[in-house]
Structures are given as C-alpha cells and as structure tokens.
Amino acid sequence: MTQTPKIDRTVNGNYFEDFKVGEEIVHATPRTITVGDVSVYTALYSGRFAVQSSDAFAQSIGYPRSPIDDTLVFHFVIGKTVPDVSRNAIANLGYAEFRFLAPVYPGDTIASTSEVIGVKQNSSGKNGTVYVRTTGRNQNGEPVLSFARWVMVVKKDLDLPAPEAVIPELDKEISPETLGKALPPLKLTVYDYALAGSPRRWGDYAVGDKIDHVDGQTIEEAEHQMATRLYQNTARVHFNQHRESQERFGRRLVYGGHIISIARSLSFNGLANAFHVLGLNGARHAAPSFAGDTIYAWSEVLDKAELPGRSDAGALRLRTFAVKDRNCADFPGVKEDGSLEDGVVLDMDYWVALPR
Amino acid sequence: MTQTPKIDRTVNGNYFEDFKVGEEIVHATPRTITVGDVSVYTALYSGRFAVQSSDAFAQSIGYPRSPIDDTLVFHFVIGKTVPDVSRNAIANLGYAEFRFLAPVYPGDTIASTSEVIGVKQNSSGKNGTVYVRTTGRNQNGEPVLSFARWVMVVKKDLDLPAPEAVIPELDKEISPETLGKALPPLKLTVYDYALAGSPRRWGDYAVGDKIDHVDGQTIEEAEHQMATRLYQNTARVHFNQHRESQERFGRRLVYGGHIISIARSLSFNGLANAFHVLGLNGARHAAPSFAGDTIYAWSEVLDKAELPGRSDAGALRLRTFAVKDRNCADFPGVKEDGSLEDGVVLDMDYWVALPR
Amino acid sequence: MTQTPKIDRTVNGNYFEDFKVGEEIVHATPRTITVGDVSVYTALYSGRFAVQSSDAFAQSIGYPRSPIDDTLVFHFVIGKTVPDVSRNAIANLGYAEFRFLAPVYPGDTIASTSEVIGVKQNSSGKNGTVYVRTTGRNQNGEPVLSFARWVMVVKKDLDLPAPEAVIPELDKEISPETLGKALPPLKLTVYDYALAGSPRRWGDYAVGDKIDHVDGQTIEEAEHQMATRLYQNTARVHFNQHRESQERFGRRLVYGGHIISIARSLSFNGLANAFHVLGLNGARHAAPSFAGDTIYAWSEVLDKAELPGRSDAGALRLRTFAVKDRNCADFPGVKEDGSLEDGVVLDMDYWVALPR
C-alpha cells in the first residue's frame with residue numbers, strides 16, 4: 001500500500017488507468033463539522049429526529065450532545081472522494097459493507113481516504129469498474145464511517161493495456177451483528193416519546209409493514225447546489241448550467257445524496273424514533289432528479305434484528321423508495337415484472353436503530 | 001389537565017374533534033438553537049439590530065451575549081405546534097396575550113407545549129375554532145414565550161356531536177405593564193448609538209409618527225422553503241409544488257412568519273434602536289405571498305408607554321404594514337372604508353422596546 | 001477628525017455634499033462572525049482551502065483554529081460601509097492600499113469605520129468622487145483589514161458650491177514588503193500537502209504561469225441574495241426585483257463580491273496551497289452578472305516575492321479573470337487592443353501567500 005500524491009490530481013481527476021490496486025488515496029480538504037453545518041442542513045431538509053435536533057434530548061439518553069446526522073456525515077466523507085475517485089465516473093454502481101463506526105459531534109474534523117481494492121476494464125476498452133474502500137476518520141484517526149463502493153470510470157489513454165482484473169469479495173449484505181458501534185448505550189428510562197414525536201418503538205414494527213411518509217418536498221436549484229457545495233462535493237453536473245445545457249439532460253442533475261437526505265427526513269413521519277442509521281446495504285439512484293421535482297417517500301420493513309449484546313435498541317432493515325411527483329399512499333415501488341415503477345428515483349436498503 | 005401522546009399524531013395531525021379542552025399537548029422535537037441558526041437567519045433576512053448582531057455590543061449593555069432574535073424564537077415555538085395544532089387548519093384566526101418572557105441564547109434548547117383552552121364548532125358542522133395557549137420553554141423549563149392562538153380546524157368525522165362550546169376570555173390587548181421580562185437591565189451609558197445605526201431613542205418618537213422602511217426584499221422559493229424548514233414547520237402548503245399545483249393558488253404559499261421576519265428586518269430603517277419585541281397584540285396575514293413578490297414595509301407609532309419599574313427602556317406600540325410590489329413612501333394601509341389597501345399582506349400590532 | 005453621527009443616515013445614505021474631508025464615519029451594526037457564517041459561506045461557494053476548512057489542519061501549522069476566509073472578512077467590512085458610503089453611489093471606481101492586517105476567528109466581532117480622505121466634484125456638477133479609507137477592526141480595536149476606496153456619488157443639492165478638491169496620494173501598488181501581518185508563523189514540517197490537495201508550493205510557480213481553474217458555477221437569485229444579506233450589505237440593486245424591473249437592466253444585479261468569492265473558490269483548482277490573501281491591488285467589475293450566469297475563472301502569475309523576514313511562506317501576485325458562460329481553457333482576458341474579452345466580469349490583481 002503506497003501513498004501517491006499526484007500533481008494537482010484534484011483538478012482533473014483520475015482516469016481508469018490511474019487506479020492501482022493497493023493504492024491508498026488521501027483525499028484533500030479535511031472538514032471540521034460545526035453547528036453551522038447542522039443549521040444549513042436543517043434549512044435544507046428539516047430533519048426532526050429529536051436526538052439530532054436537541055442537545056438536551058441527546059444528553060438525557062446518554063450522548064454528550066447531539067450527534068451529527070448520519071446522512072450528513074456520509075455526504076462529507078463521500079464528497080471528499082469525488083475529485084479523486086468519481087470526477088471522471090460515468091456511473092455510481094454500488095455500495096457494500098457500509099457501516100457507521102463512531103458518532104460525530106460538532107467540532108470534529110473529518111477526513112477521508114480510499115484504498116483501491118479492485119479494477120476491471122470493460123470489454124469496450126473505453127472504461128472500467130474501479131472498486132474502492134473509503135474510510136472517514138475523525139481528528140483522532142478513529143474511523144467514523146467505512147464503505148466499499150464501485151464506480152465506472154472513463155479510460156483516457158485507450159492504447160494502454162488492460163490491467164489485471166481484480167474483483168474484491170464483498171459481503172452481499174451487512175449482518176446486523178456487525179452494526180451498532182456508533183450508537184452509545186441509551187438511557188431508555190428517560191427517553192421521552194412525546195418529545196420524540198411517536199410512541200412507536202422497535203417492538204411496534206413488524207416485517208412487511210409499509211409506511212407512507214406522507215409529505216413531499218419540491219427541490220429548487222439553489223437548494224441542491226447549496227447542499228452539494230456544503231459537502232464540498234465537486235461533481236460538475238450539479239453546478240454548471242452552461243456545461244450541462246449541452247449535455248444529455250440539458251440541465252443540472254441533483255446530487256443523489258440530496259434525494260437520500262430528503263427521503264431520510266421525510267421518514268420521520270412514521271419512523272420518528274429511528275434516529276440512527278446503522279449501515280447500508282445499497283442505494284440505487286433509479287432515475288435522475290432535477291430542480292422542480294417534488295420528492296415523496298415510503299418505506300417497507302424488510303427485516304428486524306437484535307443488536308449484539310444490547311437490550312436498549314433494536315435494528316430495522318428498511319427499504320425506502322423516493323418517488324418524484326407522485327404521492328406514496330399506494331406505495332409505488334417494484335412492478336410485477338420486477339422493474340421499478342415510474343417516478344421512483346431512489347431505492348435504498350439500510351438498517352436503522354430504534355429504542356426497544 | 002392530562003397529557004395525551006397520540007399514536008403518530010405528528011403524521012396526519014389532529015382534527016377538530018381531537019381537541020379536548022384542558023388537554024396539554026407536548027409538541028415533538030425540541031430544538032437547540034445555535035449560532036448556525038442565527039447565520040442562516042441573517043442570510044435570509046439580513047437583520048441589522050446591533051444587539052442581535054454583535055456579542056460585543058450586547059455584552060457592553062448588559063447581555064451575556066447576543067440573544068436570539070425574538071422573531072426567530074417565535075418561529076421555532078410555533079413551528080413545533082404545526083403537526084399537532086394546525087396541520088389540518090384552514091385559517092390562522094388570531095393571537096392574544098403574546099409576550100416574550102425570557103431571553104434565548106445560542107445553545108438553549110426550546111420545546112413547546114399547548115394547552116387546549118377552547119373549542120367551538122362552526123354552524124356548518126364541517127369545522128370549528130380551536131383555542132390553544134402555547135408556551136415555549138428553554139432547557140431549564142423556563143418560559144421564554146407564551147401566547148394564545150385560535151385557528152379554524154377541519155372536522156373529520158362529521159357524524160360526531162358538537163363539543164360543548166368553550167370560548168376563553170382573552171385580553172383584547174396586552175398591557176405594557178405586563179411586558180419587559182425578556183429584557184435585562186440595560187447599561188445605557190455605554191450604548192453606542194453610532195454603532196447601533198441611529199441616535200433616535202424612545203423619547204424621539206411620538207404617537208402618530210409614520211416611518212417608511214424604504215427598502216424592498218424579493219422572495220425566492222428556495223428562501224422561504226429554507227426558512228420554514230429551518231423552523232421545522234411542517235405545513236405542507238409551503239413545500240410541495242406537486243400538491244399545490246392542484247390547489248386554489250396553483251403554487252406554494254409563503255409562510256406568514258417569513259413576511260413578519262422580512263418586515264421586522266426592514267424596520268431597522270427608521271427604528272434602528274427598537275431591538276427587542278416585547279409582545280404582540282395581533283398579526284393579520286391579509287393576503288397570501290408567493291415567490292417573486294417584493295415586500296416593502298412601513299410602521300405607525302400607535303402608542304408609547306413606560307415599562308414598569310425601569311428607566312432604561314421604554315415601549316412603543318407599532319402597527320407595521322407589509323405591502324407587496326408597492327413602495328411604502330405613501331404609507332399604504334387602511335382605506336377610508338376601513339378595508340386594507342391592495343397589496344397589504346401583513347397588518348401587525350406589537351410592542352417594541354427602545355433605550356430611553 | 002470629527003465623529004459625526006447623522007440622524008438616520010443609514011436610511012437614505014449620504015450624498016456627495018455630505019462627505020467632508022477628515023470626517024470619520026462610524027458604520028452601524030458590528031458583527032460577530034461565527035462558525036454559522038462559515039457554513040453558510042461554504043454552502044454558497046464551497047471553498048476547499050484546508051486551512052479554512054479544518055481546525056485540525058490549521059492547528060497543525062500554527063493557527064489557534066481555522067481563520068475566517070479573507071474574502072468573507074472583506075465582505076463584512078465593506079458591507080457595513082454601504083449605507084453610509086455607497087448607497088447613493090453610481091460606480092465603485094477603485095481600491096488601493098488594501099491589506100489584511102490580522103487573522104479573524106469565529107467569535108470575533110468586526111466593525112468598520114471610514115475616514116473621508118478626498119472629494120472631487122465632477123465637471124457635470126451632478127456628482128463627484130469620494131475617497132475613503134476604511135478600516136475593519138475586531139472587538140479589541142485591532143485592525144484586521146484596511147483599504148482606500150473611491151466611489152462616484154450623486155450630489156443631491158446641485159446649488160451647493162463644489163467643495164475644494166482633495167485627491168489623496170495613494171500607492172499605485174501595494175509592496176509585498178508591507179504584506180503578511182495576518183499570516184502567523186507556519187510550522188511547515190507538518191504541512192500535509194496531500195490533505196491540502198496539491199504538492200505545489202510557492203517555488204513551483206513561475207511568473208507568466210497561466211492556470212485554468214476548470215470548473216464553473218451557475219448563480220441563482222436565492223444564492224446571491226443570501227450571500228449579500230449574510231454580509232448585511234444593503235445595496236438595493238441586489239434584492240429588489242420590483243424596483244430593478246424598472247431600471248436599466250430590468251433585473252437584480254449580483255453583488256460584485258459574490259463573483260470575487262466564486263473566483264477565489266474556483267482558484268483552489270491549481271492554487272490549492274494559496275490559502276491566504278495578503279492584499280489587493282485592484283478589482284474591476286468589468287460587466288454586471290445576473291442570476292443564470294455561469295462563472296468560470298483563470299489566473300496568471302504576475303509576480304513573485306519573498307515576504308519580509310520569513311522563510312515559511314512566499315507571495316504570488318495573481319491576476320484572476322472571472323468570465324461568464326465561457327470555459328477558460330483558452331484563458332480569455334485582454335484583447336490585442338487592450339480591452340477585455342467578451343464575458344469577462346472580473347479582473348482582479350492581488351497577492352496570495354503559499355508555503356515555501
């Protein structure tokens with residue numbers, strides 16, 4: 001494993017042939033997360049989980065103060081990888097082994113590194129799949145989030161030979177037994193369900209439950225641009241109308257993570273006590289979103305599990321669909337032929353924690 | 001008085017028949033207010049009152065640091081009540097006995113409760129007026145803001161009998177003698193009128209003075225959405241173009257409190273030392289506002305009063321009109337027939353404090 | 001030198017005849033800068049200089065914590081002068097002797113004063129040039145930024161005689177020997193070039209280097225309005241569509257400083273270690289910008305200099321062009337006849353510091 005700082009790699013990004021298995025990429029611009037970021041995030045998504053909204057509530061159940069929203073931590077960690085990993089990517093293909101490992105608090109500084117764990121040139125010879133394992137760490141070097149990710153990246157010098165294909169073995173699913181490290185022990189005797197917004201605990205949900213998150217959020221250009229800039233995510237498709245007007249869609253694309261945050265925020269309606277994301281099995285951005293779209297969401301409970309060695313909280317595996325310009329009262333998701341319903345923009349499979 | 005947490009009441013809201021006189025509603029999601037919220041608020045309204053803008057200025061006159069803008073405190077306190085009180089409301093009918101009771105500082109956590117103090121079914125049987133007294137409290141349980149409010153709420157089950165009508169006795173006006181609890185003693189010898197933006201003190205204003213606040217602010221969709229999300233106010237009409245496109249106005253409505261904050265911010269022009277809102281007699285949202293509207297404002301001094309037991313500050317009763325797409329140099333307000341001039345969107349009657 | 005607070009001068013602004021040479025104007029509304037402001041600023045421009053982004057990085061090289069971005073300090077200092085100096089200005093004519101003098105940190109309170117150092121009525125008799133020297137100071141009275149500026153201001157009472165012309169002697173250029181006071185001694189042994197985003201130090205740049213900053217940023221109305229309000233800059237042309245619809249351009253103008261911040265942020269691509277602005281020779285807003293414009297930028301290295309008495313950092317003199325709706329790969333700037341290329345909106349000449 002070698003560290004290879006490249007001359008101004010952040011400017012033009014890496015191409016398929018630049019990725020060497022075993023290489024460790026140190027991503028630029030560590031980021032101190034503050035209460036200011038929390039406020040901008042609230043202005044963008046209006047999250048209402050009590051633990052993340054109230055220091056007093058968080059302290060009452062055992063946190064030192066409100067932790068940073070998990071999804072926001074994810075945006076920062078992945079945002080740093082964009083200049084190196086996905087500036088020249090055609091597609092974000094998948095995630096695996098995605099786990100939150102420690103809580104993040106205002107004042108913590110997050111930096112990201114990625115190890116190249118696989119490469120496979122496509123048969124066309126014009127691009128290939130790059131596999132990386134990205135780790136976000138705080139100022140003490142402690143991992144706060146880790147995930148594998150694979151993206152399809154353009155090859156620049158088509159005359160170069162294909163590298164030896166290396167496809168990493170990755171777990172198809174995260175096991176709930178491996179989750180919960182970012183969740184401190186909870187003092188449930190003082191957990192105030194009225195303040196939290198719902199009396200429904202882990203035990204009140206059953207596999208197969210379908211939950212309409214009811215509300216919809218319309219996206220404005222200024223909003224998704226501010227979000228993505230807040231995360232220091234430099235993907236050009238989100239910011240540059242002059243360039244995008246000449247591209248396929250003719251307009252700026254909304255960062256897929258913006259949809260994830262909207263869906264997560266809407267999910268408070270029906271999942272008010274599911275305040276912590278433990279990990280993620282996958283998130284498929286099924287269709288692009290644009291300014292003007294109104295995003296609705298609904299969730300299905302796919303599975304339930306205990307968390308290892310603890311009786312304070314349990315885990316729900318959720319499949320959340322975000323759907324544009326369509327109310328989710330009828331749970332639009334997968335059609336009979338297995339394809340997704342029209343309007344589905346996000347199909348996300350993840351585990352959340354709730355008090356027991 | 002009983003506490004009645006309802007199953008996922010935050011999702012679909014309460015209907016007229018759900019409100020029982022004497023019930024105390026604990027509203028969800030307490031909120032720690034931070035310097036981040038102050039910055040987003042400044043980015044949205046550009047308030048220039050020195051006390052709220054500068055810790056150094058605030059400390060010089062006796063505050064421990066800059067207090068949170070009163071209007072922002074109001075937005076948080078009322079925002080929490082929306083899922084329970086006004087999600088199914090047709091109209092916001094009035095306010096009474098509205099007083100700020102203690103200053104709020106960054107780091108404080110605000111939560112709201114509302115006592116149902118009256119219900120009266122309308123003759124149509126399809127809806128009714130609900131009266132609540134809402135109190136915002138800080139993390140120590142200390143009240144920071146209290147007001148009565150009545151809203152017209154939809155009845156869901158029209159077959160239910162009308163409840164016994166209870167109409168609370170509420171003061172028509174707040175007496176200035178009851179105001180000032182949120183204003184600490186001021187060290188006026190060091191109050192810097194140049195830094196504050198005007199030499200005009202309480203004694204420099206006379207009843208009948210009309211003050212044009214001169215500037216105008218154009219509203220963008222992203223701005224009012226970010227504001228209302230910051231306050232965790234979930235009223236759907238502000239966020240969901242997909243739904244609103246099928247409703248009466250065909251578009252998203254701007255939260256009435258957004259107009260209040262614009263007017264309050266503009267009022268710095270001419271009222272630069274009126275840095276604290278003591279209380280409110282009423283605020284009438286005379287017409288809806290939409291993105292694209294430009295808001296101007298002007299104020300008339302309705303009354304002057306001393307504050308009980310103090311010589312450092314006095315109170316002015318103001319009537320502030322916010323007017324859209326019309327310069328206020330000619331003070332557009334009430335027509336000869338008593339109706340409001342075209343373009344008036346807000347007619348607000350309140351008390352502010354100024355140094356003497 | 002006399003201090004002259006004027007009755008509600010902040011409301012209608014000063015006219016040419018109101019400026020008296022020797023007068024010291026105390027600008028209203030001191031401003032405590034917080035981490036909240038940093039977050040809103042990041043959401044608007046997405047700056048990626050490691051020193052300003054990460055407390056941990058800043059501390060590692062000798063700062064007590066991340067300093068406030070220099071350009072943001074500038075926006076606050078100049079924003080306060082608008083009500084007094086440039087509310088009735090027709091044109092911003094120039095800057096001189098513009099130097100950052102001390103770092104600013106979250107929690108510091110900034111206030112501005114301006115000394116009138118020159119006046120010269122124009123031959124038309126309808127307006128004149130006003131020269132001021134503006135100083136931003138922190139809560140301890142320590143200057144953090146000082147610059148001379150001249151603006152053309154409207155005369156209100158055309159019957160008044162012309163004042164005696166006073167044209168101050170100002171340095172044509174700032175000497176690098178006078179720069180560096182706001183840059184603490186740097187511990188370069190621990191400066192992490194991978195985290196900073198580039199290995200290129202001061203010695204790696206040569207006079208004549210041209211650097212394309214590659215990316216483009218599209219401006220939305222909500223964004224430039226939020227920016228300018230954050231700075232409490234009250235210039236009407238940025239906020240009031242109702243009024244601007246009847247003016248020359250028919251629409252709101254983007255604050256020139258918004259373009260400066262976009263260009264400075266884009267310049268990270270190619271200048272990742274140029275984290276500090278030392279001073280400015282000039283900034284010409286060559287054409288107005290409007291919402292919908294996409295801003296690109298490129299820079300030329302005009303000069304290199306050592307900083308007096310220090311071996312840790314050196315200075316580069318840059319000329320940065322911001323260009324709208326045009327990729328800067330071909331470095332559009334000055335045409336053969338000396339005029340600016342179409343699309344250039346900003347031509348800025350300034351000094352930055354880099355590690356040696």
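Trainee: Which side chains of chain B and chain A meet in a salt bridge at 2.8 Å, N to O?
Mentor: Those of R252(B) and E220(A) do. A salt bridge here is a side-chain nitrogen of Lys or Arg within 4 Å of a carboxyl oxygen of Asp or Glu. Please note that this is a predicted model, in which local features need pLDDT of at least 70 and side-chain atom pairs count only at pLDDT 80 or more, while totals for chains, interfaces and linings use all residues. Residues are numbered from 1 along each chain as its sequence is written, chains are lettered from A in the order in which they are written, and side-chain values use heavy atoms, with hydrogens and water left out.

Trainee: How many salt bridges are found across the interface of chain B and chain A?
Mentor: Three. The rule also finds 24 residue pairs in polar contact there, both residues being at pLDDT 80 or more. A polar contact is a pair of N or O atoms within 3.5 Å; within protein, one must be able to donate a hydrogen and the other to accept it, and residues adjacent in sequence count only if both atoms are side-chain atoms.

Trainee: Which element of chain B gives the most to the side that touches chain A?
Mentor: That is α7(B), with six residues. Helices (H or I, at least four residues) and strands (E, at least two) are DSSP runs, numbered from the N terminus.

Trainee: And how many residues are in contact between chain B and chain A?
Mentor: 41 residues of chain B are in contact with 41 residues of chain A, where contact means heavy atoms within 4.5 Å. Together the two chains bury about 3100 Å², 56% of it on carbon and sulfur atoms. Buried area is the accessible area (1.4 Å probe) that two parts lose on being put together, summed over both.

Trainee: Turning to chain C and chain B, how much area do they bury between them?
Mentor: About 3100 Å², with 55% on carbon and sulfur atoms. The contact involves 40 residues of chain C and 41 residues of chain B.

Trainee: What is the count of salt bridges between chain C and chain B?
Mentor: The count is three. In a salt bridge between these chains, the side chains of R87(C) and D215(B) meet at 2.7 Å, N to O.

Trainee: Which element of chain C gives the most to the side that touches chain B?
Mentor: α8(C) does, supplying six residues.
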